[in-house]
Amino acid sequence: MADFLVQVALASQPDGVRPAWVQELGVAPEWVSDPTGYSGELLAATVATPSVDGITWWCSHDVDRRFSAFANLEYELGLLTVGNEVKPIGRVFSELAEQVRSGAATAPEPRRTALVLPPDRIPDLDVMAVWLQQPEPMALVRAERRHDAAYMAGRGIEQLVAFPPG
């Protein structure tokens, strides 16, 4: 799942030049079997995404269970426990934040192939289902940009695949 979300982020990367701030990154522990591994992998890949220069986590601390108005999944989303102890994902976040600050994060290879979305199509779950079935990771491109040679070259896109592929 982490790879899926990272691939979506990479696919949507408009040009690798404009700075991007990833907001509300994280995952509820009950959604995955290894939340620290999943979130750590997602964080690492997000930091490696071209032009990401900021990340905001969902919340700094876990929510104390004395506050009963929250959905169960909302209590353990923090980087720190209720007692202010750094959680494993908090350590991962700290290490990766330092990589971003120092410029040591490495960018992945650009996507050479792109799935072209019709003008009225948003990248919803149906698009993602088709996108995930492709033999290689692809970028996403809006149909109105498919003839913009400078835009395609700037993103490293050499081949286009119509949505839905046929």
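These notebook entries record what I looked up in a predicted model of one protein chain.

**Entry 1: the chain as a whole**

I began with the secondary structure and found five helices and seven strands in the chain. Reading along the sequence, I noted the pattern α-β-α-β-β-β-α-β-α-β-α-β. I then looked up burial: of the 166 residues in the chain, 37% are buried. The accessible surface comes to about 9700 Å², and carbon and sulfur atoms account for 55% of this surface. I also examined contacts between residues at least 6 apart in sequence, and 63% of these join residues at least 24 apart.

**Entry 2: the nonpolar cores**

Which residues make up the largest nonpolar core? I listed ten residues in all: Leu115, Leu117, Val127, Met128, Val130, Trp131, Met138, Leu140, Val161 and Phe163. Strand 5 (113-117) and helix 4 (125-132) are the elements that give two or more residues to this core. Helix 4 gives the most, with four residues. I recorded a second, separate core of seven residues, which includes Ile55, Trp57, Leu79 and Phe93.

I next asked which residues of helix 4 are buried. They are Val127, Met128, Val130 and Trp131. Seen down the axis of helix 4, these buried residues fall within an arc of 160°, so they line one face of the helix. On the other side of helix 4, I found Leu125, Asp126 and Leu132 to be exposed.

Is Asp62 buried or exposed? Its relative accessibility is 14%. Asp62 counts as buried because this value lies under the 20% cut-off.

I then looked up what the side chain of Asp62 reaches. The backbone nitrogen of Gly78 lies at 2.9 Å from this side chain. The side chain of Asp62 also reaches the backbone nitrogen of Leu77, at 3.5 Å. Leaving out residues up to four places away in sequence, I noted that Asp62 touches Tyr75, Glu76, Leu77, Gly78, Leu80, Thr81, Val82 and Lys87.

Note on methods. Residues are numbered from 1 along each chain as its sequence is written. This is a predicted model: local features need pLDDT of at least 70, side-chain atom pairs count only at pLDDT 80 or more; totals for chains, interfaces and linings use all residues. Side-chain values use heavy atoms; hydrogens and water are left out. Buried means under 20% relative accessible area, exposed over 50%, partly exposed in between (1.4 Å probe, protein chains only). A polar contact is a pair of N or O atoms within 3.5 Å; within protein, one must be able to donate a hydrogen and the other to accept it, and residues adjacent in sequence count only if both atoms are side-chain atoms. Contact means heavy atoms within 4.5 Å. A nonpolar core is a set of buried Ala, Val, Leu, Ile, Met, Phe, Trp, Tyr and Cys residues joined through side-chain atoms within 4.5 Å. The arc is that of the directions from the helix axis to the C-beta atoms. Accessible areas come from the Shrake-Rupley method with a 1.4 Å probe; for residues, only the protein chains shown count as cover.
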